[in-house]
Amino acid sequence: QVIKLHVIKSENSNLDKNEIIEIKNKISSTIKNYFNNGFKKKYSNSTKNDPNLMGDVYSYTNSGEFDDALNTVNDVLKKSPDYIPALKSKIHILKKLDRFLEAIKICETLLDSDFESSISSSLSKIIFYEFPNDDYYSKFIDERIDKNTENLGWFHVKIRLNILKQNFSENISLIEGNFLALEKSQFLTELGICYGRLDKHVQAIDSLSKAIEKDSQNDFALGLRGHEYIRTEDYSLSLTDFQNAYLIHHDLRHKLSEAYVLDLVGRDDDAIKLLNLYLDSEERTNVLKVKALIYRKHRNFDISLDCYAAILDENQYSSVGLCGFALVYEELGKFDLALSSVEKVLSYEYVEFAMNLKIRILLKQEKFDDAKNNLDLLITNRSKQITNKNNELESSFNLETIQTSLKLIEHRLNESTFLPPKFILSDKF
């Protein structure tokens with residue numbers, strides 16, 4: 001990230017094109033040498049048979065050379081068939097190569113022998129995104145759970161799938177009915193997630209507190225509890241949780257959340273000062289996003305636009321920057337400009353937040369037919385398991401007033417628009 005910033009600065013300097021190209025070539029060479037040598041050194045004790053092979057696997061994977069990565073990891077597994085880091089790497093590589101059934105097979109073998117949260121998370125995501133309507137896997141998972149009652153791996157696959165499908169109530173019943181799961185900090189954390197998603201914030205806080213009691217180093221649960229305290233307006237407790245979470249694990253998301261709460265309690269200057277400390281970090285985009293959000297909340301739209309522009313300077317296709325422009329223009333009542341920014345995002349890639357925002361803008365413009373057509377497209381792009389909220393929204397178009405429709409769309413956009421960046425569940429579990 002630091003190298004990237006130097007490149008950006010050089011492009012804004014008086015260097016000629018040849019000098020800039022030379023700088024980029026040197027950087028590319030440095031990165032390649034790091035992958036080829038740094039990883040090998042870091043993982044020199046990875047395997048007894050060949051200390052360099054796992055370093056090569058990580059090198060090829062991070063360079064996007066997945067065929068070479070697969071060949072190399074297979075060499076490792078020939079010598080050490082049960083070597084877990086190699087098997088995990090192979091799952092990741094197979095997913096990148098769209099060889100999902102092979103990845104599933106490895107996950108199955110590992111889960112039958114032991115509970116490994118990263119494996120169950122990988123399997124749940126493959127099934128959800130690649131085979132969303134295949135009943136075979138649901139039945140298969142239930143059979144595996146019945147055969148492995150003391151091994152929570154397959155149970156965790158089901159819990160993760162339900163979170164992806166937004167089946168939060170079912171998850172609550174499953175976890176609370178499994179005494180083994182209730183002894184694990186991870187499942188208590190996921191129980192808290194499910195209560196939080198159902199807006200049962202007191203129960204969420206209780207579950208997350210139990211998770212923290214089971215594992216005092218669970219910074220993820222601390223961060224989530226901090227977000228729940230925001231909902232109950234216990235801001236001092238929220239601040240404490242984010243600060244303690246950062247002490248356990250220097251995850252910058254904890255600092256972003258702390259800055260957001262500082263603004264909520266009227267310390268917006270302190271919030272901006274805190275964010276400015278991390279502008280040159282690898283989380284620069286998210287730092288700028290929260291800065292823009294704070295300035296937008298205080299209706300300082302010019303600086304908010306500057307923050308989103310800085311995001312787009314690094315990546316002109318950034319959905320964060322373009323949607324940010326749209327949010328500011330929407331608040332200014334410049335709906336045509338807002339719509340243009342959102343449509344630019346959707347011309348590059350399908351982003352559900354952008355689609356919801358587009359529908360809201362069209363509703364405010366009273367372009368009901370266009371809004372309805374885009375809603376149909378949104379429903380088509382979502383899996384059948386999680387369309388209940390869309391169907392509720394669809395029925396509201398029969399009303400003469402747009403207020404119900406706006407309220408439902410607002411509920412969809414609210415967290416991303418006005419709350420700090422949500423923890424990405426797959427990051428930890």
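The model is a predicted one, so local features need pLDDT of at least 70 and side-chain atom pairs count only at pLDDT 80 or more, while totals for chains, interfaces and linings use all residues. Residues are numbered from 1 along each chain as its sequence is written, and side-chain values use heavy atoms, with hydrogens and water left out.

Start with the rings. A pair of aromatic rings is described by the distance of the centres and the angle of the planes. Here, rings of Phe, Tyr and Trp (its six-membered ring) pair if their centres lie within 6.5 Å; planes under 30 degrees apart are stacked, those over 60 edge-to-face, and the rest tilted. The structure holds eight such pairs. One of them joins phenylalanine 140 and tryptophan 154, edge-to-face at 5.6 Å centre to centre with 80 degrees between the planes. Phenylalanine 140 belongs to helix 8 (residues 135-147) and tryptophan 154 to helix 9 (residues 153-165), so the pair ties together parts 14 residues apart in sequence. Helices are DSSP runs (H or I, at least four residues), numbered from the N terminus. Both phenylalanine 140 and tryptophan 154 are buried, that is, under 20% relative accessible area, with exposed meaning over 50% and partly exposed in between (1.4 Å probe, protein chains only). Along with Phe131, Tyr136 and Tyr137, they make up one aromatic cluster.

Another pair sits within a single helix. Phenylalanine 325 and tyrosine 329 are four residues apart in helix 19 (residues 319-331), about one helical turn. Phenylalanine 325 counts as buried at 17% relative accessibility, and tyrosine 329 does too, at 16%.

Helix 5 (residues 84-96) has 13 residues and should span 18 Å; its end C-alpha atoms are 19 Å apart, which agrees. The expected span is 1.5 Å times one less than the number of residues. Among the buried residues of helix 5 are Leu87, Ile91 and Leu94. Their cover includes helix 3 (53-62), helix 4 (66-79), helix 6 (100-113) and helix 7 (117-130), where contact means heavy atoms within 4.5 Å. After helix 5 comes aspartate 98, with a positive phi near 60 degrees.

Finally, glutamate 183 is in the loop between helix 10 (168-176) and helix 11 (185-197). At 52% relative accessibility, glutamate 183 counts as exposed. Its C-alpha atom is 8.8 Å from that of alanine 211, 28 residues apart along the chain.

Note on methods
Helix = DSSP H or I, 4+ residues; strand = E, 2+ residues; numbered from the N terminus.
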